[in-house]
Amino acid sequence: MIAHLVRSMLQGALVILTVGLIAFSMFRFVGDPVATLAGQEATDADRAELTERLGLNDPFPVQFARFLGHAAQGDFGISYRQARPVADLLAERLPATLELAVLSALFAFVFGVVFGVYAAINRRGVVANAIMVVSLIGVSLPTFLIGIGLIYLFAVTLGWLPSFGRGDVVRIGWWTTGLLTESGRKSLVLPVLTLGFFQLTLIMRLVRAEMLETLRAEYVRFARARGLPERRILFRHALRNTMIPVITIVGLQLGSVIAFAIVTESVFQWPGLGALFVNAVQFVDIPVMAAYLMFVAFVFAVVNFMTDLVYVTIDPRLKS
Amino acid sequence: MNEPLLSVRNLRVEFPTRRGILTALDGVSFDIAAGEILGVVGESGAGKSITGAAIIGLLEPPGRIAGGEIRLKGERIDNLPADGLRRIRGKRISMVFQDPLTALNPLFRIGEQLSETIQLHTGMKPAAARERAVALLTDVGIPAASRRIDAYPHQFSGGMRQRVVLALALAADPELIIADEPTTALDVSVQAQIIGLMKRLCREHRVAIMLITHDMGVIAETADRVAVMYAGRIAEIGPARDVIKNAHHPYTQGLMGAIPTLVAAAGRLTQIPGTMPRLDAIPKGCAFNPRCPHTFARCVVERPELLQAERSRAACWLHAKAAI
Amino acid sequence: MVSQSGNEAGGPAGTGWLARAWDSDVGYSFRTSPVAIGAAFVSGLIILATVFANVITPQNPFDAATLNLMDGFTPPGEAGAGSGMTFGLGADSQGRDVYSAILYGTRVSLLIGFASTVFSLVFGVTLGLVAGYVGGRIEALIMRIADIQLSFPAILVALLVFGVARGLMPPSLHEQMTFAVMTIAIGLSNWAQYARTVRASTMVEKRKEYVDAARVIGLRPFPVMIRHVLPNVAGPVLVIATINLALAILEEATLSFLGVGMPPTQPSLGTLIRIGQQFLFSGEWWILLFPSLALVILALAINLFGDWLRDALNPKLR
């Protein structure tokens with residue numbers, strides 16, 4: 001078990017390292033950091049001095065190590081475009097993205113599992129079939145169109161919910177949350193639905209397939225032969241077995257929700273990291289791009305590790 | 001004569017399919033006495049497992065009981081509502097499956113699976129149920145049961161798992177255990193142990209066993225009586241010794257000829273020519289007539305019922321002649 | 001009929017392969033699947049329509065000379081106030097015919113879709129072959145990168161490549177190079193699937209005896225092996241490519257929608273949707289709705305066709 005978790009951690013570290021290398025290469029070789037920072041009027045001496053001060057004359061591995069060291073301390077340099085520390089920009093926008101991503105993941109997971117189990121148990125039912133058809137269409141719809149459709153229906157036509165922004169947020173320390181105000185909560189609804197929808201259909205189809213597979217297993221038949229109530233068989237014996245493969249794949253998926261938020265945030269003008277990243281790409285703001293990439297890799301590694309942790313606790317076969 | 005424990009009369013099981021209704025069991029009748037081991041043999045597809053599944057009410061949909069009746073101590077159980085049947089399962093009739101590797105839920109300790117079943121059927125408190133679980137595991141020959149009870153299924157070998165499965169089947173002291181090929185998936189040496197265990201449990205717990213298998217050797221060793229099935233019907237039923245040594249149905253004779261024994265090893269293995277018909281192509285009259293060496297006119301038009309033949313009964317017109 | 005086509009298949013080539021394809025298992029599966037026929041028909045129709053876009057549209061929507069600002073915001077089915085011409089699907093703020101814009105935009109979307117799919121295919125298949133054949137550290141490196149890439153959404157990878165490519169080019173080239181940059185950005189975000197499939201197949205082939213035999217008789221084994229591996233992976237690669245095409249089109253649309261793709265002077269469907277979104281609140285729904293519908297129908301048709309192809313080529317599912 002320990003070995004399994006250590007391996008998982010090493011894999012996470014490897015991902016961060018690889019992505020770090022890509023981020024650093026972008027940082028170092030795309031555009032000219034010296035020209036960008038020194039400005040138009042700098043003399044050659046100024047440039048040489050800046051090059052030396054930035055450590056750009058050091059060997060590549062040294063520079064890379066320094067980059068990683070700074071990154072570990074949250075130092076990603078200065079945004080070319082906004083002339084502010086990248087770390088500050090990220091910290092400012094982190095709460096918005098995390099709140100959106102976590103709620104979407106939760107929404108997708110809960111409803112995905114509920115609908116998936118329902119569709120598996122009532123395989124021939126009308127509702128179950130309707131759920132499957134909707135999910136099929138959902139997979140072919142790009143996220144931004146779902147967002148636009150929801151805005152059109154709930155904001156433009158019905159006028160029930162706001163179409164952009166976070167509404168009023170409450171500041172708690174450095175964190176900001178929209179959950180404590182009514183306008184904040186209302187503002188969250190559409191973005192959460194948009195970001196969660198694709199994941200929801202994915203999880204639902206997966207849960208349904210795995211549950212159907214599990215219900216064919218011999219131990220389910222044996223549980224029936226022992227006279228266990230159907231309810232207990234479905235929700236205790238079958239569900240737990242269904243969740244093992246589901247959790248692995250869902251973990252991988254949810255790690256990428258943060259990155260999927262790029263599109264949703266742009267549609268809803270959500271002041272989060274994704275919108276910041278799109279802006280950075282438009283204006284080739286390399287430090288922001290590199291920092292965002294590192295952030296996504298970090299989240300990915302953490303979520304992956306937590307998935308393995310859950311996996312190990314529910315599957316006894318991994319403990320011995 | 002005592003009332004039998006289980007009595008099956010004219011059982012008919014159908015599977016509606018797109019191409020029409022398949023009759024998997026047709027007019028199956030037999031009894032099992034309390035504490036008796038009835039062996040049920042036949043080729044795969046003969047309807048052995050379906051008979052077992054029908055008795056315990058676990059036919060895979062779309063299979064359904066289309067006729068006949070099943071009585072447990074005189075009380076009809078084939079037409080019980082789903083919940084009534086569920087209360088009988090595990091408590092009065094248990095079932096043991098072929099593959100012990102897949103019959104246990106891998107995510108629950110065997111103690112949890114045992115206690116769950118015991119508590120459900122006996123209403124015992126958790127502590128008492130656990131005590132009973134340890135006793136059951138000891139009884140089926142699990143060493144250090146009080147410690148092993150907290151292990152997961154994957155920590156047991158195949159033979160040990162089948163013992164756990166038997167303990168689960170015994171959890172609520174049932175009157176009948178339906179054992180569907182309980183030794184087929186095991187090593188030969190382990191097979192013998194499990195067979196021995198089942199015989200002992202049958203004796204000590206006064207539980208009847210319906211032992212479904214295609215292995216005549218297993219039957220010869222354990223069964224009190226034997227039912228031979230062919231194409232969804234019973235071909236012959238009688239005391240084990242008679243059916244094996246002195247078969248009356250041509251199919252049984254062929255089947256017995258196919259058991260390799262030390263004595264017969266020098267001679268040739270008798271094989272029955274042809275194969276069992278598919279369910280959608282069962283011939284008129286006796287289902288065995290295309291393969292039978294003794295077929296005559298009556299066999300191809302009229303279906304034989306079970307007819308007395310010495311101490312056995314065989315579904316064969318040869319014995320009608322003898323009776324007349 | 002059946003015997004005739006059978007005879008033809010036995011006859012000279014030319015018409016032969018088509019008849020053979022029609023007669024094959026996959027051909028049979030196609031003929032008996034209404035979904036596959038419908039999806040193929042719709043996809044084919046859209047592709048044809050975009051190829052002949054300049055013939056079957058009333059105007060070239062990106063030639064400013066043909067536009068009349070007075071036609072702006074003409075609702076669907078009405079005559080424009082300026083030119084008097086009827087706009088079937090309405091006109092946008094510039095007086096541009098939405099129907100014409102959709103056909104030209106679909107052309108751009110399809111071109112980038114096809115180009116980036118070919119790019120991913122060639123790139124991925126090559127890396128897969130190399131990884132499977134060479135093995136060792138190179139294989140580990142390639143597959144590791146593929147793993148990491150597959151765990152990040154394609155859209156993130158494409159955005160990143162787009163940004164980096166922009167950074168490497170002088171700004172004056174940005175607009176005219178967009179098409180190439182988009183192709184590479186989307187292409188680089190989808191190669192990993194091909195590499196995985198081809199690598200697995202290559203590893204199986206590598207162990208076969210003819211590879212050794214080729215070495216013994218002095219042939220270079222790699223080219224020999226490629227000739228054996230490629231036909232084996234043709235089916236799965238085709239399936240991946242079809243689904244990849246739909247994904248690439250949606251990815252392109254997403255990038256353009258985000259404003260980091262095709263510029264308004266050279267719009268794709270995504271750009272048109274981005275433009276249309278500005279009129280979501282003011283009531284000119286047709287500028288947004290019709291390009292969106294076109295995108296969804298195109299993606300759905302290709303996806304359904306790909307789904308059918310996957311089932312038809314997978315003997316296990318048949």
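**The sheet of chain B and its surroundings**

Modeller: Strand S4 (residues 64-72) of chain B pairs with S5(B) in the antiparallel sense, over two bridges. Strands pair if DSSP finds at least two bridges between them. Helices (H or I, at least four residues) and strands (E, at least two) are DSSP runs, numbered from the N terminus. B:Arg71 has B:Arg76 of S5(B) as its bridge partner.

This is a predicted model: local features need pLDDT of at least 70, side-chain atom pairs count only at pLDDT 80 or more, and totals for chains, interfaces and linings use all residues. Residues are numbered from 1 along each chain as its sequence is written, while chains are lettered from A and ligands numbered from 1 in the order written.

Now the whole sheet. It is open and has four strands, in the order S2-S1-S4-S5 (chain B), with antiparallel pairing. Strand S2 (20-32) and strand S5 (75-76) of chain B are at the edges; each has a single partner strand, so one side of each has no neighbour in the sheet. Helix H1 (residues 48-56) of chain B packs on this sheet and touches strand S1 (6-17), S2 and S4 of chain B. The direction of H1(B) makes about 75 degrees with that of S2(B). Axes are lines fitted to C-alpha atoms, for helices over the stretch in contact, and angles run from 0 to 180 degrees between N-to-C directions.

Next, the side of chain B that touches chain A. Here 24 residues of chain B are in contact with 19 residues of chain A; contact means C-beta atoms, placed from the backbone, within 7 Å. Helix H2 (82-88), strand S6 (93-96), helix H3 (100-103) and helix H4 (110-122) of chain B each give two or more residues. H4(B) gives the most, with three residues. By class, this side of chain B has 11 nonpolar, eight polar and five charged residues. Nonpolar means Ala, Val, Leu, Ile, Met, Phe, Trp, Tyr, Cys and Pro; charged means Asp, Glu, Lys and Arg; the others, Gly among them, are polar.

Chain A also meets chain C. That contact takes 31 residues from chain A and 29 residues from chain C. On the chain A side, the elements giving two or more residues include helix H1 (2-29) and helix H7 (143-157) of chain A. H7(A) gives the most, with six residues. This side of chain A has 25 nonpolar, six polar and no charged residues.

Notes:
Contact = placed C-beta atoms within 7 Å.
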